[in-house]
Amino acid sequence: MNILLLGSGGREHAIAHKIAQSPQCSQLYIAPGNAGTAAEGENVALDMMDFEAVGAFALDHRVEMLVVGPEAPLVAGIADHFAATPALKHIMVIGPSKQGAMLEGSKDYAKAFMQRHAIPTARYQTFTADTLAEGERFLETLQAPYVLKADGLAAGKGVLIEPDLATAKAHLREMLGGKFGDASASVVIEEYLDGIELSVFVLTDGNHYLVLPEAKDYKRIGEGDTGLNTGGMGSVSPVPFADKAFMKKVEDRIVKPTVRGLKEEHIDYCGFIFIGLMNCGGDPYVIEYNVRMGDPETESVFPRIKSDVVHLFEQAAQGNLDGCTLEVDSRTAACVMMVAGGYPEGYRKGDTIDLGEENDVQVFHCGTKRDADGRLLTAGGRVICTTALASTLPEALLKSYYRANNIVWEGKYLRRDIGQDLLKIIQEG
């Protein structure tokens, strides 16, 4: 079949790489794509938020499956647009309805959903500029550190964890004053959960589900998890503390009630559910939902999937995931992200990238493009990442960093401590 994948980041390159391997894929289009996805299929200069244009392209090119990478088109209702347009409704869409996408589109909506379905999460309240004083009083009832979340989409940067009450109050005022634009018109304040994070991914047809390999990502720009939040500086899969006993708790307490809750509330959902979790003394608590794969977790999760993902997507679209099994590579994947100097604040674009010598380590492009002369240039904050598979985490990290060190451009930055916390757990284990 002909397949259209929406997006332009490392997540989309990793998904495109796996789709292109499927014998069920005749032609893969990526809109808009990047310099890396161009090697997996055909990049298309489409605005993925222009649903009319996306639909027209799909019809003109006999697309039978639309895979939506990022959250913005899902929250804006692209799945609903295809379902409601007679000429497009035959196209399989991998991505939830607009109502389903509210699990990511609104932190307040997601927390209320968790409460309705008894899914373990932190205590919270939501505030607006009109209720600022109440928000400050609620902060006073909590223990440090303080967690502030922009209610809407903020490109992975709308969560602040503040060490003291005065700073938390000041940042609450900034957020409600427009720090993240419309995304922080409402702010969710919640109690801090003390533990270690991991990401769990589910592919669901709205009734049945498959749990994909879990991963741990690294959000802060600085080593030792310091500095500003980013879209993600690296990831590792699997996570050593996510053993069978812990993952059974995740499935029983979180995955099953989430999928059941969607069904009970008659929410159309075909696609991914990203569950950001905190392991608090062996018990899982939900930090957040996303309605798509994570980035850079996809870059360590998808290389471990040995099953034909197009077949899985097709079965999900047809409601037949209960007849599917997932084959996973037992090796460890380690992903190291390289970013432009200055990211996540002001950064330069247009620097020439030297990819160095190729080996068996996968290079995924995130923010890259080619100029008229074919030169590879930086075109985003997160630029490129390397993913290595190996039998152990130390070996995977060694291979990934070795490849990353051979990729060069002016101002390149990467964290040197990806996976080190997990190595410590393994050593103490």
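1. A salt bridge here is a side-chain nitrogen of Lys or Arg within 4 Å of a carboxyl oxygen of Asp or Glu. By that criterion the side chains of Lys399 and Asp360 form one, with an N to O distance of 3.2 Å. Lys399 belongs to helix H12 (residues 393-405) and Asp360 to the loop between strand E18 (332-339) and strand E19 (362-365), so the bridge ties together parts that are 39 residues apart in sequence. Lys399 counts as partly exposed at 22% relative accessibility, while Asp360 is exposed at 60%. The model is a predicted one.

2. The structure holds 24 salt bridges. One of them pairs Arg382 with Asp295, whose closest N and O atoms are 3.7 Å apart. This pair links distant parts of the chain, with Arg382 in strand E22 (residues 382-390) and Asp295 in the loop between strand E17 (283-290) and helix H10 (298-301), 87 residues apart. Both ends are buried: Arg382 has a relative accessibility of 18%, and Asp295 has 10%. Elsewhere, Glu71, Glu104 and Arg292 are linked in a network of salt bridges.

3. Helices H7 (residues 132-140) and H8 (residues 165-176) deserve a separate point. Their axes come within 10 Å and cross at roughly 150°. Because an angle over 145 degrees counts as roughly antiparallel, H7 is roughly antiparallel to H8. The crossing of H7 past H8 is right-handed.

4. On the H7 side, the contact with H8 involves Leu132, Gly135, Glu136, Leu139 and Glu140. On the H8 side, the residues are Leu165, Ala168, Lys169, Leu172, Arg173 and Leu176. By class, this contact has 6 nonpolar, 1 polar and 4 charged residues.

5. Two of the residues in this contact, Lys169 and Glu140, form a salt bridge, with 2.6 Å between the closest N and O atoms. With Lys169 in helix H8 and Glu140 in helix H7, the pair ties together parts that are 29 residues apart in sequence. Lys169 counts as buried at 18% relative accessibility, whereas Glu140 counts as partly exposed at 46%.

6. Cys270 sits in the loop between helix H9 (244-264) and strand E16 (271-280). Its relative accessibility is 13%, so Cys270 counts as buried. Beyond its neighbours within four places in sequence, Cys270 contacts Val93, Ile94, Gly95, Pro96, Thr204, Asp205, Ala316 and Ala317. The C-alpha atom of Cys270 is 11 Å from that of Leu312, a residue 42 places away along the chain.

7. The bond from Ala31 to Pro32 is cis, with omega near -5°, and Pro32 is placed in strand E2 (residues 27-32). The bond joining Ser237 and Pro238 is also cis, with omega about 0°. Pro238 is in the loop between strand E15 (234-237) and H9.

8. For Arg62, phi is near 50°. Arg62 lies in the loop between helix H2 (51-60) and strand E4 (63-68), and is exposed, with a relative accessible area of 69%. For Asp225, phi is near 55°. Asp225 lies in the loop between strand E13 (220-222) and strand E14 (226-229), and counts as partly exposed at 39% relative accessibility.

How values were computed. Residues numbered from 1 in each chain as written. Predicted model: local features only at pLDDT ≥ 70, side-chain atom pairs only at ≥ 80, totals over all residues. Heavy atoms only, no water. Axes fitted to C-alpha atoms, helices over the stretch in contact; angles between N-to-C directions. Helix = DSSP H or I, 4+ residues; strand = E, 2+ residues; numbered from the N terminus. Parallel < 35°, antiparallel > 145°, perpendicular 65-115°, else oblique. Left-handed = near helix turned anticlockwise from the far one by under 90°. Contact = heavy atoms within 4.5 Å. Nonpolar A, V, L, I, M, F, W, Y, C, P; charged D, E, K, R; others polar. Buried < 20%, exposed > 50% of the residue type's maximum accessible area, 1.4 Å probe, protein only.
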